[in-house]
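Have the picture ready as you read.

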Amino acid sequence: MAFCRSRLAYICTTVRQLCTKSDTFIRVRHLEGKHDGVAVLLMDRRDRRKNAINAKFSKQFMEMLESLKFQDTLKALILKSEIPKVFCLGADLRERYDFKPHEIAEASQKIKRISTELKLFPVPVIAAIEGFALGGGLEIALGCDMRVATKDAILGLPETGHALIPGAGGTQHLPRLIGEAKAKEMIFCDHRVNGEEAERIGLVNYAVEQNGNGDAAYLKALGIAEKIVTKGPVAIKMAKRAINTGLSVDVHTGLAVETACYAQIIPTDDRIEGLEAFLGKRQPVYKGK
């Protein structure tokens with residue numbers, strides 16, 4: 001019996017070591033049933049630098065986004081961590097210790113490209129934040145369309161404490177989201193907020209109580225995605241494009257962008273289906289055409 005327990009312990013240790021040494025940091029899970037059309041992008045760096053962003057992490061992240069954005073059946077994307085109590089800890093500073101100045105700049109730009117790609121991603125992206133979202137990890141979340149956090153989550157941009165500034169979009173996206181003064185406080189002072197304060201200042205859409213499984217933010221994000229997938233896919237894409245583009249131009253140009261996006265929806269089969277479903281008092285069946 002003692003031998004069996006010893007053998008079992010050895011096997012479990014070996015499995016954990018194999019998982020820790022895995023070279024796959026980014027994975028995707030496609031959901032089915034009432035969540036058909038929803039994909040979950042999983043951050044899963046399981047070594048001691050839990051979900052810290054190194055070259056391999058950012059490369060796999062971008063490759064996954066490039067693959068997903070061409071999938072016609074995709075209607076919503078959820079970004080979550082597989083590491084308990086950690087969303088993403090930002091840049092892997094240990095990796096950068098031996099970097100030359102131009103390599104540090106390139107590494108920062110890679111994280112910025114992830115955030116930008118999420119912002120430009122054709123379907124809505126929801127960040128489910130469980131635990132710490134710091135530095136580049138928060139900047140990635142800022143690239144998402146919506147954010148859900150647990151009340152005990154910790155969000156912050158600690159770069160000035162390392163004699164740096166947020167270099168992956170934080171100085172631009174954060175003040176646009178929560179206002180100039182509060183963004184400056186978070187960046188200048190390394191002021192970190194929990195999920196409840198993040199909801200109060202508009203940094204996240206919802207702050208929820210954590211559950212026993214440690215996935216309360218994910219379940220809330222899934223509920224949001226469930227609503228999105230019932231809507232017209234083309235309309236959702238055009239709405240995202242109109243909002244994102246409009247926020248970067250003056251209001252008159254933004255209204256012209258809205259008109260252009262609206263015009264692209266008029267000839268779609270989905271628009272006709274939506275009207276017929278409304279008149280027939282039934283649920284529409286949209287095909288993204």
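Predicted model: local features only at pLDDT ≥ 70, side-chain atom pairs only at ≥ 80, totals over all residues.

Residues are numbered from 1 along each chain as its sequence is written, and side-chain values use heavy atoms, with hydrogens and water left out.

On a 1 Å grid over the protein atoms alone, a pocket is an open set of points with protein on both sides within 12 Å along at least five of seven lines, a cavity is a set where a 1.4 Å probe fits but cannot get out, and lining residues have an atom within 4 Å of a point. A volume is the space filled by probe spheres set on the points, which are joined across faces, edges and corners.

| Space | Volume | Lining |
|---|---|---|
| Largest pocket | about 980 Å³ | 32 residues |
| Second largest pocket | about 600 Å³ | 27 residues |

In the largest pocket, Lys-119, Asp-145, Ile-243, Asn-244 and Leu-247 lie nearest the centre. Helices (H or I, at least four residues) and strands (E, at least two) are DSSP runs, numbered from the N terminus. Helix H10 brings the largest share of that pocket's lining, 10 residues. H10 (residues 233-247) also gives the most to the lining of the largest cavity, with three residues. That cavity has a volume of about 50 Å³.

Now for the sheet: four strands form an open one in the order S5-S8-S10-S11, with mixed pairing (two strands pair if DSSP finds at least two bridges between them). S5 (86-88) and S11 (193-194) are at the edges with a single partner strand each, so one side of each has no neighbour in the sheet.
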